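Let's take a friendly walk through this model, with an eye on charged pairs and on one helix. Have the structure open as you read.

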Amino acid sequence: MGVLSKKERMCSDNTFSAFALSFNFLSALCTIITNKYALNAFPYPASLTAIHYLFSWGAVAAALYFGVFERGTVQAEHKNLFYMLVVAWAMCNALSNASLGANSVGFYQLMKVLTTPIVVFVDFIWHNKKISSGKAWVLALACLGIAVATVSDVKLSLRGTLIALSSVMTGVMQKMLNEHMQQRGGLSTLQLMLEAFP
């Protein structure tokens with residue numbers, strides 16, 4: 001009694017994954033809409049990004065204080081990659097906020113969703129890394145869902161498109177460097193954030 005079968009564990013894992021994906025989607029949507037209103041009231045993307053970093057740094061420091069994770073350190077052989085990650089992270093977030101300020105929410109979302117398929121493509125080309133068919137279907141459905149949900153709110157401008165493309169490319173670089181630091185540097189996302197924010 002109390003021991004779950006393999007089928008029950010898979011069902012439980014799938015339920016948790018569906019909940020996590022839904023929560024991530026809703027929280028991202030709420031953050032985007034809030035940021036759009038914030039940029040209308042405070043039209044300074046770099047300053048807004050700095051404010052986000054301060055609040056995020058406080059949240060990560062609180063998580064460390066309450067024992068959610070342990071402090072990690074960047075090993076000497078990974079310092080250069082870590083600094084590249086910090087630059088990519090800062091540029092990605094600042095460009096993302098600038099993109100949100102320069103574009104409609106729909107176009108911003110469409111461009112933002114391109115980041116994951118590009119990361120998957122680059123991983124396949126450079127590292128011959130393949131994703132499962134289940135993940136590919138989920139990714140395709142997420143892209144299709146965002147495209148359908150935002151198609152009525154797409155407004156293009158050359159400036160906005162260039163900012164959005166820059167945001168996507170720095171986002172790809174940030175995700176790949178982050179993954180590298182987690183896998184080879186042995187650091188979690190929270191550990192990396194704690195090291196990167198200062």
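## A charged network

Asp123 and Lys129 join their side chains in a salt bridge, 4.0 Å from N to O; the term stands for a side-chain nitrogen of Lys or Arg within 4 Å of a carboxyl oxygen of Asp or Glu. Before going on, a word on the source: this is a predicted model, where local features need pLDDT of at least 70 and side-chain atom pairs count only at pLDDT 80 or more, while totals for chains, interfaces and linings use all residues. Residues are numbered from 1 along each chain as its sequence is written, and side-chain values use heavy atoms, leaving out hydrogens and water.

Asp123 is buried, at 8% relative accessible area, whereas Lys129 is partly exposed at 37% (buried is under 20%, exposed over 50%, partly exposed in between, with a 1.4 Å probe and protein chains only). Lys129 also meets the side chain of Glu179 in a salt bridge of 2.5 Å, N to O. Glu179 sits in helix α7 (residues 158-183) and Lys129 in the loop between α5 (115-127) and α6 (133-150), so this pair ties together parts 50 residues apart in sequence. Helices here are DSSP runs (H or I, at least four residues), numbered from the N terminus. Through shared partners, Asp123, Lys129 and Glu179 form one network of salt bridges.

## A link across the chain

The structure holds three salt bridges. One of them pairs the side chains of Arg71 and Glu195, at 3.7 Å from N to O. This pair links distant parts of the chain, with Arg71 in the loop between α2 and α3 (79-102) and Glu195 in helix α8 (residues 189-196), 124 residues apart. Arg71 is exposed at 53% relative accessibility, and Glu195 is partly exposed at 24%.

## Helix α2 and its two faces

Phe55 has a relative accessible area of 63%. After α2 comes Gly67, with a positive phi near 80°.
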